[in-house]
Amino acid sequence: MSMKHAQPNFSQPQVIEMVKRLFNLTASEIRSLPSYDDQNFYVAPIEGGEYVLKIMNSEDSENVALIEMQTYAMSVLHENGLPAQTALPTTSGQLMSLEEIDCGYGCQKYLVRLLTYLPGTTISKVPLTPQLLFEIGKTAARMDKVLHQWEHPHLGVLQRENFRWSLSSIPHLDAYIHLFDGDPLQEVVKSVIHQYKTSVVPKCSSFRECINHGDFNDLNVLVQPEGDGHKISGILDFGDMNSGYYIYELAITIMYMMIEHPKPIEVGGPVLAGWESVLPLNKAEKDCLYVLVLSRFCQSLVLARHSVTLHPENEEYLMTTSRKGVHILQQIWELGQEQVEKVWFQSAAKFGDKK
């Protein structure tokens, strides 16, 4: 199914009717919120509170068990003091409703949830100070630690075999290498995939397993001003949650923070220090961090190029991260593992001493 057909296109009157029927709330203010392939609305009912009505695209709506797990994960984090959204039950006590409606291309089924609205601005809009980067690392580690401890009869749905955004799927990028034919970047991507196969795969058995959020990026973390800095006020978007390893989450977090920072190389130290204040790394994890960060850059670049071939009309959006990422990937590749690790681990140690 093409993304265009999968994406919901509900009108405001339809949203008002749905909020009243499913949640017995009367919307006094509704506005559209950005979303790539779902549809999100800010809803302020006259009964009080602030919510986000999240309407999943019809393709993802078919995987009810996975969405249930994501919704449950958010409530578990919330109960453990992490700023995640929670779902408001419908009048019949369900945390989601499957709505069948025609949005202009025949009747489709869409999963609908009403989530609490989290205040704040995305960290992409604020300066990434060392202190904020430390808090980001610490929050990512706390989140994975909590997710590792929960129990649920359907946890198995998070074993997403061949999930393309898992760092376990790096070898699958070989299939897309041809998209870089004639591009000098192709050699870097090939070399990183080779390093992943030779230096990460043999050490995987020493990594500690957990459940990954998998997309702890600059648009999925909200902050609010506090004192002379910022505190984290929200963790969004659990769509990439999957079974993985702690070290994957750290690598993904460092990679996305590097994209937003004027001096990308300086990001790793404070994020690592924050992470290790909760979950110190073992030797195998430390040894593989550099290659895993590079691997995520390659994954992001390759999958973006692939998506552009499928959806050329969305090239501007799809290539946003990639454009910045190309230069950083080349920079840290050229510096080399020894040099980059030295910067990261020495500044993490200094940061740790100050705490």
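Visitor: In which sense, left-handed or right-handed, does helix 3 pass helix 4?

Guide: Welcome! Keep in mind that this is a predicted model. Two packed helices are described by the angle between their axes and the distance between the axes. Here, helix 3 makes a right-handed crossing with helix 4. The axes of helix 3 (residues 64-79) and helix 4 (residues 130-149) come within 10 Å and cross at roughly 115°. The two helices are therefore roughly perpendicular to each other.

Visitor: Which residues make the contact of helix 3 and helix 4?

Guide: On helix 3, look for A73, V76 and L77; on helix 4, look for M143, V146 and L147. Six of the contact residues are nonpolar, with no polar and no charged ones.

Visitor: How many bridges link strand 1 and strand 2?

Guide: Strand 1 and strand 2 are antiparallel and pair over six bridges. For example, E29 is opposite A44 in strand 2. A hairpin of five residues links strand 1 to strand 2.

Visitor: And how does strand 2 continue to strand 3?

Guide: Through another hairpin, with five residues between the strands, in which G48 has a positive phi near 110°. Strand 2 (residues 39-45) and strand 3 (residues 51-55) run antiparallel and are joined by five bridges. Two pairs to find are N40 with K54 and F41 with L53.

Visitor: Which way do the residues of strand 2 point?

Guide: In a regular strand the side chains alternate between the two faces of the sheet. In strand 2, Q39, F41, V43 and P45 point one way, while N40, Y42 and A44 point the other way. Seven of the seven residues in strand 2 are buried.

Visitor: Let me try a loop residue. Is T86 buried or exposed?

Guide: T86 belongs to the loop between helix 3 and strand 4. T86 counts as buried because its relative accessibility is 18%, and the cut-off for buried is under 20%. Apart from neighbours within four places in sequence, T86 touches S75, H78, L114, L115 and T116.

Visitor: What is the order of the open sheet of three strands?

Guide: This sheet has the order 6-8-9, again with antiparallel pairing. Strand 6 (121-122) and strand 9 (229-235) are at the edges with a single partner strand each, so one side of each has no neighbour in the sheet. Helix 4 packs on this sheet, where it touches strand 8 and strand 9, and its direction makes about 25° with that of strand 9.

Visitor: Which bridges hold this sheet's strands as partners?

Guide: Strand 6 and strand 8 (residues 221-226) are antiparallel and joined by two bridges, with T122 paired to L222. Between strand 8 and strand 9, also antiparallel, there are six bridges. L222 turns up again here, opposite G234 in strand 9.

Visitor: What lies between strand 8 and strand 9?

Guide: They form a hairpin with two residues between them, and G227 in the turn has a positive phi of about 60°.

Definitions and conventions
Residues numbered from 1 in each chain as written. Predicted model: local features only at pLDDT ≥ 70, side-chain atom pairs only at ≥ 80, totals over all residues. Heavy atoms only, no water. Axes fitted to C-alpha atoms, helices over the stretch in contact; angles between N-to-C directions. Helix = DSSP H or I, 4+ residues; strand = E, 2+ residues; numbered from the N terminus. Parallel < 35°, antiparallel > 145°, perpendicular 65-115°, else oblique. Left-handed = near helix turned anticlockwise from the far one by under 90°. Contact = heavy atoms within 4.5 Å. Nonpolar A, V, L, I, M, F, W, Y, C, P; charged D, E, K, R; others polar. Pairing = 2+ DSSP bridges. Buried < 20%, exposed > 50% of the residue type's maximum accessible area, 1.4 Å probe, protein only.
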